[in-house]
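Dear colleague,

Here is the structure for your files. My notes on it follow below.

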Amino acid sequence: MTSQNATTDRPTVRAGVIGAGRRCAALFAAVPEDVDVEVVAVADPSEKNRAAFIERFATTTEPKQYTDGLELLAREELDAVVVAGPNFQHTAYASEAMRRSLDLLLEKPVATTVDDLALLWQAQQEGGTAHTAVGFVLRYTPFYTAIREVIQSGRLGEILAIEANENLGTGLTMMQYLGWRQDVAKSGGWMVEKCCHDLDILSHLLDSRPTTVFSMASAKHLRPRPANEQLARFQADAGTAQLDFGDAETHAAFADDAEANAAFADNAQHSPYDTSGLPDRQVATLEFENGVLATFTAVMAQPATTRRIRIFGTGGYLEGDISTASITVTITDPEGGAKPAAVEKIDIATGGSGHHGGDEVLGDTFWHLAAGGEQTSRAGLSDGIDAVLTAIALQESADTGQPVDLNVLRARVFGTDS
């Protein structure tokens with residue numbers, strides 16, 4: 001139960017932090033002005049990260065510091081907790097937070113294996129009525145919000161198919177080979193680590209879940225090869241890795257250090273030309289419960305980072321590019337003429353936060369929820385689980401060359417009534 005701030009006469013959310021890195025800093029930077037959040041405790045194996053986080057976000061008291069999130073959860077009296085550490089640590093911390101009925105903001109992916117997803121689901125069933133919000137920022141972006149509104153308006157008619165793609169520029173490509181991310185056992189694999197929210201947004205737009213998926217993937221360029229065939233921008237010492245959110249000051253404050261390297265066993269920049277379990281391109285085909293077919297293509301080593309989407313309906317066609325904040329809707333002539341009945345261009349105002357304006361909307365939603373507000377989270381735990389199951393299925397399909405029935409995986413997590 002939140003307490004009341006005597007100065008502002010507003011509820012104060014007592015918050016814990018598990019994983020005080022750049023992603024968590026972005027989430028706390030999005031605390032709305034009409035909610036008071038008191039950082040009670042911070043857990044991170046890096047003293048530098050803990051100190052940087054406390055300097056930026058501590059308010060009235062000096063937060064307790066921990067190296068382990070489970071100890072923080074056991075000792076502190078909290079209203080909410082943000083779990084934003086490495087993927088392979090999510091299950092233990094999030095499960096304990098849910099069992100303690102804390103409001104939880106859990107960064108994606110929620111877990112990395114089917115067994116861990118089942119543990120999360122069980123923990124939520126045991127935990128009571130607290131809110132669990134998953135950090136699927138694409139659901140909160142003005143760009144995808146506008147696309148969903150167009151679909152729900154019926155202007156596109158019956159949706160037949162979707163094409164979506166994510167292209168990783170040099171900076172984000174190199175991020176996939178930074179530290180634990182290139183270790184599939186820790187990251188969950190490329191589809192899980194990087195693309196699960198691209199898969200989730202398709203379900204969100206369609207209000208439907210995928211049933212059967214098929215995929216092909218391989219490392220064509222970013223694989224062991226002679227030095228004279230390697231590109232300079234992808235050398236481990238090129239310094240080209242770059243996140244697609246946050247500012248330079250935040251990145252510097254939470255930069256990797258020797259202490260963090262030791263804590264996570266590996267936090268160094270690897271060469272994409274070393275042996276890894278990552279493909280540099282993957283193409284996925286998905287069939288949804290409502291009959292819509294979709295393709296999703298993810299490609300590394302591109303000139304710039306972009307996300308594009310095309311939606312094909314019986315009444316029209318939509319094309320959007322989040323990097324240019326633009327959407328074009330073309331309406332079919334109902335009389336069957338060669339020219340469209342209308343072409344509408346929609347320009348999107350993205351705001352000033354990261355992830356094309358999604359961070360500030362996600363922050364506004366979660367922190368108001370934690371303060372007792374009536375906002376609705378756009379992505380809950382079941383959504384987070386389903387997106388990871390879809391990503392795991394796509395990776396399995398790429399490995400086996402066979403389609404994968406997602407309902408078989410869902411039954412292992414949710415039971416036979418999934």
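Aromatic pairs and a helix contact

W367 is buried, at a relative accessible area of 1% (buried means under 20%, with a 1.4 Å probe and protein chains only). F366 is buried as well, with a relative accessible area of 1%.

The model is predicted: local features need pLDDT of at least 70, side-chain atom pairs count only at pLDDT 80 or more, and totals for chains, interfaces and linings use all residues. Residues are numbered from 1 along each chain as its sequence is written, and side-chain values use heavy atoms, without hydrogens and water.

In the whole structure, 9 aromatic pairs are found (rings of Phe, Tyr and Trp, the last by its six-membered ring, with centres within 6.5 Å; planes over 60 degrees apart count as edge-to-face). One is F143 with Y144: the ring centres lie 4.8 Å apart and the planes are at 85°, so this pair is edge-to-face. F143 is buried at 1% relative accessibility, and Y144 is buried at 4%. The rings of F366 and W367 are also edge-to-face, with centres 5.0 Å apart and planes at 70°. F366 and W367 belong to one aromatic cluster with F28, F53 and F57.

The other item is a helix contact. Helix 14 (residues 381–400) packs on helix 15 (residues 406–414) at about 135°, with the axes 10 Å apart (helices are DSSP runs of H or I, at least four residues, numbered from the N terminus; axes are lines fitted to C-alpha atoms over the stretch in contact, and angles run from 0 to 180 degrees between N-to-C directions). In helix 14, S382, I385, D386, L389, T390 and A393 meet L406, L409, R410, V413 and F414 of helix 15 (contact means heavy atoms within 4.5 Å).

Regards

Note on methods
Helices (H or I, at least four residues) and strands (E, at least two) are DSSP runs, numbered from the N terminus. Rings of Phe, Tyr and Trp (its six-membered ring) pair if their centres lie within 6.5 Å; planes under 30 degrees apart count as stacked, over 60 as edge-to-face and the rest as tilted. Buried means under 20% relative accessible area, exposed over 50%, partly exposed in between (1.4 Å probe, protein chains only).
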